[in-house]
Amino acid sequence: VQLQASGGGMVQAGGSLRLSCAASGRTFRRYVIGWFRQAPGKEREFVATISRTADSTSYGVSVKGRFTISRDNAKNTAYLQMNSLKPGDTAVYYCAAALSYGSMSALYGYWGQGTLVTVSS
């Protein structure tokens with residue numbers, strides 16, 4: 001599966017953005033989708049993940065309650081709604097696909113190219 005993340009940009013603290021992760025092919029529904037982020041000089045961080053049928057979701061501690069992950073299998077697309085953004089959310093955001101559900105980046109064998117989110121104070 002090939003993934004392409006989009007929707008990044010610059011926003012003021014307290015604002016919102018919605019990221020999209022578009023997948024190619026007909027196998028999108030077979031994959032768990034995750035979002036990760038990496039800020040300059042920092043390690044990649046787990047943000048959120050959603051199961052194949054969207055019946056399970058998990059979030060990183062730093063985004064729980066502010067971000068919402070969803071997916072539309074008919075459109076081969078996953079989303080990350082980000083609300084109440086903080087300067088600490090500034091990072092390149094990546095979507096990824098895995099065959100198993102979990103938060104470890106090693107589970108994800110397919111990665112999109114990333115989209116930059118910048119939150120100004």
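Visitor: What should I keep in mind about the model?

Guide: Residues are numbered from 1 along each chain as its sequence is written, and side-chain values use heavy atoms, with hydrogens and water left out. The model is predicted, with local features needing pLDDT of at least 70 and side-chain atom pairs counting only at pLDDT 80 or more, while totals for chains, interfaces and linings use all residues.

Visitor: What makes cysteine 21 and cysteine 95 a disulfide?

Guide: A disulfide is a pair of cysteine sulfur atoms within 2.5 Å. Cysteine 21 and cysteine 95 have an S to S distance of 2.2 Å, so they meet that definition. The structure holds one disulfide.

Visitor: Why is that disulfide called right-handed?

Guide: The torsion about the S-S bond of cysteine 21 and cysteine 95 is about 75°, so the name right-handed applies. Cysteine 21 belongs to strand 3 (residues 17-23) and cysteine 95 to strand 9 (residues 91-98), so the bond ties together parts 74 residues apart in sequence. Strands here are DSSP runs of E with at least two residues, numbered from the N terminus.

Visitor: Is cysteine 21 buried or exposed, and how do you know?

Guide: Buried means under 20% relative accessible area, exposed over 50%, and partly exposed in between, using a 1.4 Å probe and protein chains only. Cysteine 21 has a relative accessible area of 0%, so it is buried. Cysteine 95 is also at 0%, so buried is the word there too.

Visitor: And how would you describe glutamine 2: buried or exposed?

Guide: Glutamine 2 has 60%, so it is exposed. Glutamine 2 sits in the segment before strand 1 (3-6) and touches Ala22, Ala23 and Ser24, not counting residues up to four places away in sequence. Contact means heavy atoms within 4.5 Å.

Visitor: How do you know that strand 7 and strand 8 pair?

Guide: Two strands pair if DSSP finds at least two bridges between them. Strand 7 and strand 8 (residues 77-82) have six bridges, in the antiparallel sense, so they qualify as a pair. Strand 3 is also joined to strand 8 by six bridges. In strand 8, alanine 78 is the bridge partner of cysteine 21 and of arginine 71.

Visitor: What makes strand 1 and strand 7 edges of the sheet?

Guide: Four strands form an open antiparallel sheet in the order 1-3-8-7. Strand 1 and strand 7 (67-72) each have a single partner strand, so one side of each is left without a neighbour in the sheet.

Visitor: Why is the pair of phenylalanine 36 and tyrosine 108 called edge-to-face?

Guide: Rings of Phe, Tyr and Trp (its six-membered ring) pair if their centres lie within 6.5 Å; planes under 30 degrees apart count as stacked, over 60 as edge-to-face and the rest as tilted. A search of the whole structure finds six aromatic pairs. For phenylalanine 36 and tyrosine 108, the values are 5.1 Å centre to centre and 75° between the planes, so the pair is edge-to-face. Both residues, phenylalanine 36 and tyrosine 108, are buried.

Visitor: What makes the charged end of arginine 71 sit over a ring?

Guide: A charge sits over a ring if NZ of Lys or CZ of Arg is within 6 Å of the ring centre and within 35 degrees of the ring normal. The charged end of arginine 71 is 4.5 Å from the centre of the phenylalanine 28 ring and sits over it.
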